[in-house]
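Subject: Handover of the structure and notes on it

Dear colleague,

I am passing on the structure below, followed by an account of what was found in it. Please read the notes with the model open beside them.

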Amino acid sequence: MHPTAAGRARTTGVAVTALAALAALTGLTGCGSDSTDHATEALGSKPAVQSPPPPKKPQVRVLPGMPPVLNPKDVYAADRPNKLSPVVKDFPSRVYVPNTNSNTVSVIDPKTYRVVKTIPVGTQPQHVVPSWDMKTLWVNNDKGNSLTPIDPKTGKAGKAVPVHDPYNLYFTPNGKYAIVMASLDRELVFRDAHTMKRVKTEPVSCYGVNHADFSLDGRYFIASCEFSGEVLKVDTQKMKVVAQEKIPFAGSMPQDVKISPDGKRFYIADMMAGGVWVLDGDKFSKPTLLRTGKGTHGLYVSRDSRRMYISNRGEGTISIFDFTKNRLTEKWPLPGGGSPDMGGVSADGKVLWLSGRYDSEVYAIDTRTGTQLARIPVGSGPHGLAVYPQPGRYSLGHTGIFR
């Protein structure tokens, strides 16, 4: 055989042997695989496959079933101007005013500042409360021992649901239970959030339990007791009072409760102390007083989480607390006085709405300047009005605490 031909034969033989060995190697890697890929792998040149990054762990260990915290540094991160949930985005903008002495709810069109509807409800309605899923507004008929549902899409009231002593109403952050603040019964009544069927009753030793707010993780809430000057700490999951203390002021009458944006402090309005108590909720230590004005009552956070509007019912003013500066910065007097009580901030953050408890009127106030935009006549004894809809993913109750 010609030498060159013999060389080619040897080369061919080696190649065949190598390919056979490679084929055997690829056969061991499993059927149905691409031979080219495995050949590359066998030669040690296949690119490394990168594993997907592990899922991020939630930054806050929340109450089971509760939506995750959007921003651990800002409880109100979901409440930005006009950031409406798909659930409520098509609801007409209205202000619902429960008239405690008239047994009605006045419905105001915020664009015209006029009452467009008056809804008869049960005896002594105290607050209008958005449900956890934000689909229903519940009117708390305290003396009528019932809750009247209002469809915020149509503005129509439904059949009242029997519930005893519903002075105020809240919802657990996981949407599982409604919490009835049964003020005169001296009870916290946990009910099914949809059917309002009683699930558990937690007796309290204080008098006049009425307002509350939840911790950043939703695992506990702080509640005020108006008639005995006390505050409670309640374990949300256990539905149990775990701590209780007396406010260090003779004759104290604590009212509204709000948590700071960073979740580190609770602010408790005190009608008789003329200011706001600042409480470390985790430690539940002795609170300190921040004096604001006579008859301090309602607390509302601005849409940018920078300020808190504080209504001083006894002197007709609104104090402004700046969270970023940790101090009071302004005080807005209502022209001619008034009795600013409970309310809320408009969806765009531009208007603060407050009921005039003893003046049968509602105030609309410019949040940039403190200028009174309107005084609107309503029924007698307007109390916990709800501005609706508002931004947020879900409601914790009262006149609109959204997360």
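A contact, or touch, in these notes means heavy atoms within 4.5 Å. On that basis, and not counting residues up to four places away in sequence, Leu-188 touches Val-180, Met-181, Lys-200, Thr-201, Glu-202, Val-204, Val-209, Phe-221, Val-234 and Val-241.

This is a predicted model, in which local features need pLDDT of at least 70 and side-chain atom pairs count only at pLDDT 80 or more, while totals for chains, interfaces and linings use all residues. Residues are numbered from 1 along each chain as its sequence is written, and side-chain values use heavy atoms, with hydrogens and water left out.

The pLDDT, which is the predictor's confidence in each residue on a scale from 0 to 100, averages 90 over the protein chain, and 86% of the residues score at least 70. Over residues 1–47, however, the pLDDT is below 50, and this stretch has 13 contacts in the model beyond near neighbours in sequence.

Leu-188 also belongs to the largest nonpolar core, where a nonpolar core is a set of buried Ala, Val, Leu, Ile, Met, Phe, Trp, Tyr and Cys residues joined through side-chain atoms within 4.5 Å. Of the 51 residues in this core, Leu-188, Val-209, Phe-221 and Leu-232 touch the most other members, and the largest share, five residues, comes from strand S14 (residues 220–225). Another core, of 15 residues, lies apart from it and includes Val-105, Leu-137, Tyr-388 and Phe-402.

Val-241, one of the contacts of Leu-188, sits in strand S16 (residues 240–246); strands are DSSP runs of E with at least two residues, numbered from the N terminus. Val-241 counts as buried because its relative accessibility is 19%, the limit for buried being under 20% relative accessible area with a 1.4 Å probe and protein chains only. Leaving aside residues up to four places away in sequence, Val-241 touches Leu-188, Glu-202, Val-204, Leu-232, Lys-233 and Val-234.

Grid points are joined across faces, edges and corners, and a volume is the space filled by probe spheres set on the points.

Of the 13 residues that line the largest cavity, Asp-79, Val-301, Arg-303, Gln-390 and Gly-400 are the closest to its centre, while strand S21 (296–301) and strand S25 (340–345) are the elements that give two or more residues to its lining. The second largest cavity has a volume of about 80 Å³, and its lining includes Met-66, Leu-216 and Tyr-394.

Among the pockets, the largest contains about 280 Å³ of space; 17 residues line it, with Ser-93, Pro-110, Ser-346, Ala-347 and Asp-348 the closest to its centre. The second largest pocket, with about 220 Å³ of space, is lined by 16 residues, of which Gln-126, Tyr-167, Glu-226, Phe-227 and Arg-357 lie nearest its centre.

With kind regards

Technical notes: Helices (H or I, at least four residues) and strands (E, at least two) are DSSP runs, numbered from the N terminus. Buried means under 20% relative accessible area, exposed over 50%, partly exposed in between (1.4 Å probe, protein chains only). On a 1 Å grid over the protein atoms alone, a cavity is a set of points where a 1.4 Å probe fits but cannot get out, and a pocket is an open set with protein on both sides within 12 Å along at least five of seven lines; lining residues have an atom within 4 Å of a point.
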